Amino acid sequence: MATSENTNHLTEEREKSGTEPSRRFSIAPMMDWTTPHFRYLARILSRRALLYTEMVTTGALIHGDTQRFLRHDPAEYPLALQLGGSNPDELAECAKLAEEYGFSEVNLNVGCPSDRVQNNMIGACLMGHPDKVAEGVAAMKAATSLPVTVKHRIGINGRESWEELCEFIEKVSAVGCNTFIAHARIAILEGLSPKENRDIPPLKYDWVYRLKQTYPDLEIIINGGIKTIDECHDHLRHTDGVMLGREAYHNPWLLTEVDPEFFGEQAPVASRHEALRAMFPFIQKELDRGVYLTHIIRHIMGLFLGMPGGRQFRRHLSENANKPGSGLEVVEQALAKVREPEAVLEN
């Protein structure tokens, strides 16, 4: 796992892959989901998808267990760190940490609608304070050589006009932010839960397309409700990149289509069995660190979605991974319940 002790090595590895990661296809930051365990699986399935951490607040990084929050494996690169915060000095300090720990990008969350983060001036409420976002982004850019990006909504209740969205984009881009990841919904800051905010406000993909038309020199990435590779191709006709969230988590095998479809490269693995077995050394390393198997395998439950035996696979893990001393043998037993022909990679 990455620590400050091997910073130089990680920075060298990041630089080998280029300082500006491709955002043609990325997986959204998702609390409790895009953990190091899911990200390791995702990287086995796609070498090229840009991965994001869960949102980490600046306060947690500065005053909490910094190493735990920034823990990752170099195999996950390209990997972006998403920050939640609005204090320019704190954002600058955390941007420096992102670079020290070898991340490929640092991203500011301006999209989370949770009440808990609103009270600390974090997330979607910042859509109503474009000057504050610009101030924070400027501080981050001054503190790091990493790309600084913003993930945002297309508005919030009470501030949901096209003109207000343009004001936000123009003020933040004026300080040097060139990449905007737009969740194509407004956020309702009162009366809806974060889950409801992912479904109830209507999607307005045309607004994100229009952003790209209006600001052709900016990199515009579209996010929100995207489920299939075909939909990704449709969006890429109008934007610079697509970001998938829940679908990539619940149906991770979808990620094996990313490298062939969007980068003209062969998929890294040819079967789900191969993918899971490639994860075994990592799982064992985590077990040796004292991580419970149940905390690891909850992120691989969707790997055999729709496959014969997939339900039995998930049931076996659910019933046995939480037992004391559970290890890789439980995963082996679960794997034996899934019927999948072992495909052979073409040369």
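How many cavities of 30 Å³ or more does the structure hold? The answer is 1. Before I go on, a word on ground rules: this is a predicted model, where local features need pLDDT of at least 70, side-chain atom pairs count only at pLDDT 80 or more, and totals for chains, interfaces and linings use all residues. Residues are numbered from 1 along each chain as its sequence is written, and side-chain values use heavy atoms, with hydrogens and water left out.

OK, empty space. Rolling a probe the size of a water molecule over the atoms shows where empty space is left. A cavity here is a set of points, on a 1 Å grid over the protein atoms alone, where a 1.4 Å probe fits but cannot get out. A pocket is an open set with protein on both sides within 12 Å along at least five of seven lines, and lining residues have an atom within 4 Å of a point. Grid points are joined across faces, edges and corners, and the volume is the space filled by probe spheres set on the points.

So what's around our cavity? The largest cavity has about 40 Å³ of space, and its lining is Met127, Ile154, Gly155, Ile156, Arg159, Glu164 and Leu165. Strand 5 (148–156) and helix 8 (162–173) are the elements that give two or more residues to that lining, and strand 5 gives the most, with 3 residues. Helices (H or I, at least four residues) and strands (E, at least two) are DSSP runs, numbered from the N terminus. By class, the lining comes out as 4 nonpolar, 1 polar and 2 charged residues. For those classes, Ala, Val, Leu, Ile, Met, Phe, Trp, Tyr, Cys and Pro count as nonpolar, Asp, Glu, Lys and Arg as charged, and the others, Gly among them, as polar.

Next slide: helix 5. Its 13 residues, 88–100, should span 18 Å at 1.5 Å a residue, and the end C-alpha atoms are 18 Å apart, which agrees. The expected span is 1.5 Å times one less than the number of residues. At the N-terminal end, Asn87 is the cap, with a side-chain oxygen 3.0 Å from the backbone nitrogen of Asp89. Just after the helix, Gly102 takes a positive phi of about 90 degrees.

Which residues of helix 5 are buried? They are Pro88, Leu91, Ala92, Cys94, Ala95, Leu97 and Ala98. Buried means under 20% relative accessible area, exposed over 50%, and partly exposed in between, with a 1.4 Å probe and protein chains only. The cover over those residues includes helix 3 (58–63), helix 4 (66–70), strand 3 (79–84), strand 4 (105–110) and helix 7 (130–143).

Now look at Glu105, which sits in strand 4. Is Glu105 buried or exposed? Glu105 is buried, with a relative accessible area of 0%. Its side chain makes a polar contact of 2.8 Å with the side chain of Arg23 and another, of 2.7 Å, with the side chain of Tyr52. A polar contact is a pair of N or O atoms within 3.5 Å; within protein, one must be able to donate a hydrogen and the other to accept it, and residues adjacent in sequence count only if both atoms are side-chain atoms. Leaving aside neighbours within four places in sequence, Glu105 also has contacts (heavy atoms within 4.5 Å) that include Pro21, Leu50, Leu81 and Thr149.

Helix 2 (residues 36–45) is worth a look too: 10 of its 10 residues are buried, so it is largely enclosed by the rest of the structure. Ile296 belongs to helix 16 (residues 293–297) and counts as buried at 0% relative accessibility.

Leu287 is in helix 15 (residues 280–288) and counts as buried at 17% relative accessibility. Leu287 is one of the residues lining the second largest pocket, along with others including Tyr292, Lys323 and Gly325. That pocket has about 160 Å³ of space, with 6 nonpolar, 5 polar and 1 charged residues in its lining. Leu287 and Gly325 are 38 residues apart along the chain, and their C-alpha atoms are separated by 9.5 Å.
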